[in-house]
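Please examine the following sequence and structure.

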Amino acid sequence: MSKKSRGGWLNHIVDFIGEYTGTNPVYSPLDLTGVLQAKFFIGPEDAGKLVNIVEKELAKRKLGLAAIELNLTFNCNLTCAYCFIHEKDPLERMTLTTAKNAIDLLLERAAFPAVNITLIGGEPLLEFDLIKQIVPYAQAAAGKRSLTVTWSVTTNGTLINEEILKYFAINKINMLLSMDGGEKTHDRYRRTKSGKGTWHKIAEMIPLIKMYQPWLGVRMTVSTEAISDMRDDFKQLVGLGVNQFIIAPAQGAMCWSKEQIRQYGLNLVDILRDYHELKHRGIPIFIEEFEKDENEYTGWGCRAGSTSLAVAPNGDVSPCSKLLGLTSAEGKYIAGNVNTGVDVNMLEPFRNPITRQPRHCKQCTRKCSGGCYAVNFEQTGDHFTASEENCLFWVVCQETKRLSKMIRMGAQSYLSGGKF
């Protein structure tokens with residue numbers, strides 16, 4: 001075989017391998033070796049060498065995605081002062097082409113047989129017509145690759161109607177409501193642009209919501225003004241039929257004082273007692289943070305920029321949606337655009353965040369994940385340097401987990417601090 005013919009033959013094999021690995025993201029190297037032997041009549045040793053080269057090259061380039069956040073719009077019908085999208089533009093809306101390209105990126109780089117797409121904003125239900133185009137495209141594209149797509153949507157709940165609920169139920173789109181507690185707390189910030197509170201509108205919809213999605217989750221954001229009402233806010237949401245909670249402080253450029261964080265922690269412990277009392281009574285309820293072990297350590301950094309990416313309405317790609325909401329270009333950390341290309345190398349710090357861990361964090365006796373990248377940047381100017389506020393909230397979280405574990409192990413005396 002001449003050099004020219006041999007070169008063309010090798011190029012043909014390379015093209016085939018690229019196509020094979022692209023359409024079979026969860027392929028077996030052993031299967032690929034067998035396919036190369038049968039298709040190109042080469043020996044097992046040579047086929048194995050080619051597959052090893054491919055594996056090493058893909059390892060360098062592969063993002064290994066498990067999830068993507070589609071910011072369908074930065075527009076919103078509410079004016080929440082603590083929203084992480086600092087500069088909303090009603091004209092920033094995602095096109096179907098951009099959504100398809102974002103979905104293709106996820107599926108092409110998928111490292112798991114099941115991937116998750118979160119529909120977020122702004123208020124994503126403003127783009128319900130787009131959602132109805134996105135869902136069938138993603139399902140069909142995933143099916144061709146033998147992948148499964150799970151769906152999530154985070155919404156303020158004010159635009160929900162039965163048509164939307166039916167569509168979400170049919171397509172198994174799990175809805176997370178943003179609801180801060182009772183009327184007083186919720187309406188402090190979650191108001192329409194005309195200044196009208198939204199609590200009653202959402203609360204009245206919950207019975208209908210639960211007809212289509214019986215297990216209902218809520219993101220309960222706690223502002224500094226709502227610390228003293230945390231426990232009562234939790235009780236009111238339980239009374240409405242909420243089953244699952246994400247309870248988190250509203251963090252940003254404005255820092256919490258140490259006393260505010262201490263009060264937050266004490267009230268969180270009260271909620272913890274109520275939580276276990278409710279579970280003891282057989283009430284269907286779940287708070288993930290209360291079910292974790294305080295010694296559980298998943299490493300420095302979160303999945304943002306590693307196994308998960310966020311896409312802005314215009315197609316810009318960032319490690320997470322909270323970063324997209326920052327005002328500075330450095331803070332947003334744009335690694336490309338789904339319409340023109342993504343620079344995987346730019347994401348390396350987020351794929352290996354331990355390399356950016358500050359020296360004082362390495363010496364700390366309380367191992368943590370390093371805090372929220374967006375909050376870190378707003379408060380320290382660096383994505384990987386945790387602020388003191390993030391450290392203190394981590395301590396609160398770990399101590400709550402420790403108490404929760406004691407209760408689960410039978411220390412029921414911790415429930416005596418108050419009855420639900």
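Is Asp-180 buried or exposed? In this predicted model, Asp-180 has a relative accessible area of 2% and is therefore buried, the cut-off for that class being under 20%. The side chain of Asp-180 meets that of Arg-190 in a salt bridge, with an N to O distance of 3.2 Å. Asp-180 lies in the loop between β4 (173-178) and α7 (183-189), and Arg-190 in the loop between α7 and α8 (199-212), so the pair ties together parts that are 10 residues apart in sequence. Arg-190 also counts as buried, at 8% relative accessibility.

The chain as a whole provides the setting for this pair. The protein contains 17 helices and 10 strands, and buried residues make up 50% of its 420 residues. Of the contacts with a separation of 6 or more, 71% are between residues 24 or more positions apart. The protein exposes about 20,200 Å², of which carbon and sulfur atoms supply 54%.

Glu-123 is located in the loop between β2 (114-120) and α5 (128-144). Leaving aside residues up to four places away in sequence, Glu-123 touches Thr-73, Asn-75, Cys-76, Asn-77, Thr-155, Asn-156 and Leu-159. Thr-158 is 35 residues from Glu-123 along the chain, and their C-alpha atoms are separated by 9.4 Å.

The structure holds 16 salt bridges, and some involve partly exposed residues, among them Arg-402 and Glu-399. The closest N and O atoms of Arg-402 and Glu-399 are 2.9 Å apart. Both residues lie in helix α17 (residues 388-408), 3 residues apart, which is about one turn of the helix. Arg-402 has a relative accessible area of 34%, and Glu-399 is at 28% relative accessibility. Elsewhere, salt bridges that share partners join Glu-288, Glu-289, Lys-292 and Lys-401 into one network.

Definitions and conventions:
Residues are numbered from 1 along each chain as its sequence is written. This is a predicted model: local features need pLDDT of at least 70, side-chain atom pairs count only at pLDDT 80 or more; totals for chains, interfaces and linings use all residues. Side-chain values use heavy atoms; hydrogens and water are left out. Helices (H or I, at least four residues) and strands (E, at least two) are DSSP runs, numbered from the N terminus. Contact means heavy atoms within 4.5 Å. Buried means under 20% relative accessible area, exposed over 50%, partly exposed in between (1.4 Å probe, protein chains only). Accessible areas come from the Shrake-Rupley method with a 1.4 Å probe; for residues, only the protein chains shown count as cover. A salt bridge is a side-chain nitrogen of Lys or Arg within 4 Å of a carboxyl oxygen of Asp or Glu.
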